[in-house]
Amino acid sequence: MKLAIMGGTFNPPHLGHLICAEEVNDHFKFDKVMFIPCARPPHKRGSEVLDAQHRYDMTILATQDNPLFEVSRIELDRPGRSYSIETVRQLREIYGQDTEIHWIVGADSILEMFIWKDVDELLTLCKFIAINRPGYDLSQTDPRFMKRVQLFKVTNVDISATEIRRRVRQGKSIKYLTPPAVENYIHENGLYYHACDTKN
């Protein structure tokens with residue numbers, strides 16, 4: 001099995017996430033692209049991240065019309081901080097040790113991999129697909145990471161969850177930035193109307 005992981009806080013999920021996952025899958029031909037909302041981000045302790053259940057529900061709504069996309073609760077159902085290495089270990093137990101796992105990440109994440117838990121083991125258990133992000137120079141990346149990282153350029157869609165949250169707080173439209181079902185969910189549940197950290 002060839003499995004792609006699309007991890008993130010999805011706070012909220014938006015069209016940029018979906019376009020990225022679709023273009024990567026269209027090129028690499030995965031059996032499944034699994035979206036995994038990070039329940040308790042280990043490197044965002046000082047930041048306010050929306051309740052994981054809301055983010056999970058929105059991610060389901062965002063991906064529901066694509067049969068190759070799946071949303072997993074694996075990090076929501078596991079206690080403690082959400083570490084990538086533990087997620088990959090679990091997925092290998094579920095799908096078998098022969099499963100080919102690729103983790104889709106932004107270029108900014110690759111530059112921070114040195115702080116990830118058990119990163120050397122992680123690099124042996126899965127491969128990484130690094131998506132281009134404006135302003136990030138991957139030539140500064142640790143060479144040991146780049147041996148397991150494949151760079152991939154996707155359509156540059158300048159949408160950020162930070163901007164979506166800011167627009168909601170300011171009473172501005174978020175139409176066409178996130179799927180209609182997610183937009184409706186945000187408004188129906190009164191999400192992001194109050195001060196929320198802008199760094200996630």
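Here is a short chat about reading side-chain contacts in this predicted model.

Reader: Before we start, what should I know about the numbering and the model?

Author: Residues are numbered from 1 along each chain as its sequence is written, and side-chain values use heavy atoms, with hydrogens and water left out. As this is a predicted model, local features need pLDDT of at least 70 and side-chain atom pairs count only at pLDDT 80 or more, while totals for chains, interfaces and linings use all residues.

Reader: Okay, how many aromatic pairs does the structure hold?

Author: First the idea: rings of Phe, Tyr and Trp (its six-membered ring) pair if their centres lie within 6.5 Å; planes under 30 degrees apart count as stacked, over 60 as edge-to-face and the rest as tilted. The structure holds 5 such pairs. One of them is Phe10 with Phe35, a tilted pair with 5.8 Å centre to centre and 45° between the planes. This pair links distant parts of the chain, 25 residues apart: Phe10 is in the loop between β1 (2-8) and α1 (15-28), and Phe35 is in strand β2 (residues 32-37). Those labels come from DSSP runs, numbered from the N terminus: helices (H or I) have at least four residues and strands (E) at least two.

Reader: Which residues form one aromatic cluster?

Author: Phe10, Phe35 and Phe69 do.

Reader: Is Phe10 buried or exposed?

Author: Buried means under 20% relative accessible area, exposed over 50%, and partly exposed in between (1.4 Å probe, protein chains only). Phe10 counts as buried because its relative accessibility is 2%. Phe35 is buried too, at 1%.

Reader: Now for charges. What sits over the ring of Tyr56?

Author: A charge sits over a ring if NZ of Lys or CZ of Arg is within 6 Å of the ring centre and within 35 degrees of the ring normal. Over Tyr56 you'll find the charged end of Arg73, 5.0 Å from the ring's centre. Lys117 lies over the face of Tyr83, at 4.7 Å from the ring centre.

Reader: And which residue forms a salt bridge with Lys117?

Author: A salt bridge is a side-chain nitrogen of Lys or Arg within 4 Å of a carboxyl oxygen of Asp or Glu. For Lys117 the partner is Glu86, with the closest N and O atoms 3.0 Å apart. Lys117 is in the loop between α4 (107-110) and α5 (119-125), and Glu86 is in helix α3 (residues 84-95), 31 residues apart. Glu86 also meets Arg78 in a salt bridge (3.3 Å, N to O). Shared partners join Arg78, Glu86 and Lys117 into one network.
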